[in-house]
Amino acid sequence: LKGVAWNPVNKGGLQPSGLDFTGNVERDADIMASAGINAVRTYEAITDRAVLNALWARGIWVLNSVYSYGGSATSSVIGKVNAVKDHPSILMWTIGNEW
């Protein structure tokens, strides 16, 4: 795997309110694919299948974060996993962000 952490917040934006997977996926995925990147790890879950489709069309796997903040209810993971568990781009789920 040749991977990067992908957290598309536009310049001047804040995490997580400024997170924009949909608005940045086409441009970013093209750049990543041209650089030989074939995997991304997210800081927040991607549940939008159009975003996953765009990544997968370029051969990019997703390590999808489903529980990045310990203050969230652990039950919040279930919906995030179930939303996209059958998508071919999902390589694995990640829990925690550099805890």
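**Group meeting: fold, ring pairs and a surface patch**

The chain has three helices and four strands. Keep in mind that this is a predicted model. Follow the sequence and the elements run β-α-β-α-β-α-β.

Overall dimensions next. The C-alpha trace spans about 40 × 35 × 25 Å along its principal axes. The radius of gyration is 13 Å, and a compact globule with 99 residues would come out near 13 Å, so the two agree. As for burial, 33% of the 99 residues count as buried.

Now the aromatic rings. How many aromatic pairs does a search of the whole structure find? Two.

Take W6 and F21. Their ring centres are 5.2 Å apart, and the planes make an angle of 50°. That pair is classed as tilted. Where do the partners sit? W6 is in strand β1, residues 3-6, and F21 is in helix α1, residues 21-34. Buried or exposed? Both W6 and F21 are buried.

The other pair is W56 with W61. Here the centres lie 4.8 Å apart. Why is this pair called edge-to-face? Because its planes stand at 65°, and the class begins over 60 degrees. By that cut-off, the 50° of W6 and F21 falls in the tilted class.

What about accessibility for these two tryptophans? W56 has a relative accessible area of 32%, so W56 is partly exposed. W61 is at 29%, so W61 counts as partly exposed as well. The reason is the cut-offs: buried means under 20%, exposed means over 50%, and partly exposed is what lies in between. So the W6 and F21 pair is made of buried residues, while W56 is partly exposed and so is W61.

R41 lies over the face of Y43. The distance to the ring centre is 4.7 Å.

Last stop, the surface. Which residues make the nonpolar patch? They are L1, L91 and M92. The patch area is about 300 Å². L91 belongs to strand β4, which covers residues 90-95. The relative accessible area of L91 is 35%, so L91 is partly exposed.

Methods: Residues are numbered from 1 along each chain as its sequence is written. This is a predicted model: local features need pLDDT of at least 70, side-chain atom pairs count only at pLDDT 80 or more; totals for chains, interfaces and linings use all residues. Side-chain values use heavy atoms; hydrogens and water are left out. Patches are made of residues with over 30% relative accessible area and no salt bridge: like charges are joined within 9 Å, nonpolar side chains (Val, Leu, Ile, Met, Phe, Trp, Tyr) within 5 Å. Accessible areas come from the Shrake-Rupley method with a 1.4 Å probe; for residues, only the protein chains shown count as cover. A salt bridge is a side-chain nitrogen of Lys or Arg within 4 Å of a carboxyl oxygen of Asp or Glu. Helices (H or I, at least four residues) and strands (E, at least two) are DSSP runs, numbered from the N terminus. Buried means under 20% relative accessible area, exposed over 50%, partly exposed in between (1.4 Å probe, protein chains only). Rings of Phe, Tyr and Trp (its six-membered ring) pair if their centres lie within 6.5 Å; planes under 30 degrees apart count as stacked, over 60 as edge-to-face and the rest as tilted. A charge sits over a ring if NZ of Lys or CZ of Arg is within 6 Å of the ring centre and within 35 degrees of the ring normal. The radius of gyration is taken over C-alpha atoms; the globule rule is 2.2 Å times the number of residues to the power 0.38.
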